[in-house]
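Trainee: I have a structure open and want to learn how to read it. Where do we begin?

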Amino acid sequence: MATIIITGGTGLIGKALTKALIDAGHSVIILTRNPSKYRNSDRLSYAGWDIPKGIIDETAIRSADAIIHLAGAGVADKRWSSKRKKEILDSRVKSGELICKALSSIPNHIGVVVSASGIGWYGPDPSIPNPRPFVETDPWYNDFLGTTCRDWEAALNPVTAMGKRLVILRTGIVLTKEGGALGEFIKPLRFGLATILSTGRQVVSWIHMADLTRLYQYAVENPELGGVYNAVAPHPVDNRKLVLTLAGKTRGKAWLPIHVPAPVLKLVLGEMSIEVLKSATISSSKISATGFQFVYPTIEAAMENL
């Protein structure tokens, strides 16, 4: 079994991934700014890093077999002010640069780096309905998230020049009962309201948390994997179907569908509303072709589980 460093290991995905890796027999080292806040256990330990100061725990780098890089300020946590957008970008790019600097300067036997990215790389669907799904070779889209994903991925490119395997997972909307996007949809359902965003026709490319953690583990353990893969379920759905499926699973028939107009979303969310209203149909064919099988390929299966 491997020793795996996780950056961003205290976040929503990081916590689920840490548990999955430990359950599979791996040991995990979580890089955090405040390792003293946490208690080490048999196969879980915490080590320090400070991105602005360019500091990283050398012992962790020397002892690890792999790195999973999840660190980055939450895209949907706050309104996109100029300051927040800089924080979102810098937290991803500078952390990636620090990892590359550490790998080039500290003796290590790390064989693979698996990094998160986002489907924000892609622009909006060119047509609705039945758009051509975006694939990994499609170019980045010239907006805030598109350029952020471009720079995020580029920061890790030096890994391949070191002779190490680099896998990048462009992740869709992650569905988990622990919170995130699903938690936001559930809030109004507590009052019997199924809130459909605008027309509800915009396509949501999603993935169940369990499949995402399996995919990270698969990327670490499969030496044939390299390059960019879309981390999305095989069957994207429009916002209306996602919300109504969730409503049916949680409330039976005791709910009322309500459309939230686009101008209201723009007023509340600001520039971030562009992403909420964007339709983006993303293909999972490349990762499926490697033999990876989704446990929750459809929204019905995912919602039934969650």
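Mentor: Start at the surface. This is a predicted model. Val264, Leu267 and Val268 form a nonpolar patch there. Together they have about 290 Å² of accessible area.

Trainee: Where is Val264 found?

Mentor: Val264 sits in helix α9, residues 262–269.

Trainee: How exposed is Val264?

Mentor: Look at relative accessible area. Buried means under 20%, exposed means over 50%, and partly exposed lies in between. Val264 has 38%, so Val264 is partly exposed.

Trainee: Is Ser284 buried or exposed?

Mentor: Use the cut-off again: under 20% is buried. Ser284 has a relative accessibility of 6%, so Ser284 counts as buried.

Trainee: Where does Ser284 lie, and which residues is Ser284 in contact with?

Mentor: Ser284 is in the loop between α10 (273–277) and α11 (285–289). Set aside its neighbours within four places in sequence, and its contacts are Val232, Ala233, Pro234 and Phe294.

Trainee: Now the sheet. In what order do the strands come?

Mentor: Read across the sheet, strand by strand. Eight strands form an open sheet, ordered β4-β3-β2-β1-β5-β6-β7-β12, with mixed pairing. The edge strands are β4 (55–56) and β12 (227–231), and each pairs on one side only.

Trainee: How many bridges join β5 to β6?

Mentor: Four bridges join β5 (residues 66–69) to β6 (residues 112–118), and these strands run parallel. Take Ala66: its bridge partner in β6 is Val112.

Trainee: Which strands does helix α4 touch?

Mentor: Helix α4 (residues 144–156) packs on the sheet and touches β5, β6, β7 (165–171) and β12. The direction of α4 makes about 175 degrees with that of β6.

Methods
Residues are numbered from 1 along each chain as its sequence is written. This is a predicted model: local features need pLDDT of at least 70, side-chain atom pairs count only at pLDDT 80 or more; totals for chains, interfaces and linings use all residues. Side-chain values use heavy atoms; hydrogens and water are left out. Two strands pair if DSSP finds at least two bridges between them. Helices (H or I, at least four residues) and strands (E, at least two) are DSSP runs, numbered from the N terminus. Contact means heavy atoms within 4.5 Å. Axes are lines fitted to C-alpha atoms, for helices over the stretch in contact, and angles run from 0 to 180 degrees between N-to-C directions. Patches are made of residues with over 30% relative accessible area and no salt bridge: like charges are joined within 9 Å, nonpolar side chains (Val, Leu, Ile, Met, Phe, Trp, Tyr) within 5 Å. Accessible areas come from the Shrake-Rupley method with a 1.4 Å probe; for residues, only the protein chains shown count as cover. A salt bridge is a side-chain nitrogen of Lys or Arg within 4 Å of a carboxyl oxygen of Asp or Glu. Buried means under 20% relative accessible area, exposed over 50%, partly exposed in between (1.4 Å probe, protein chains only).
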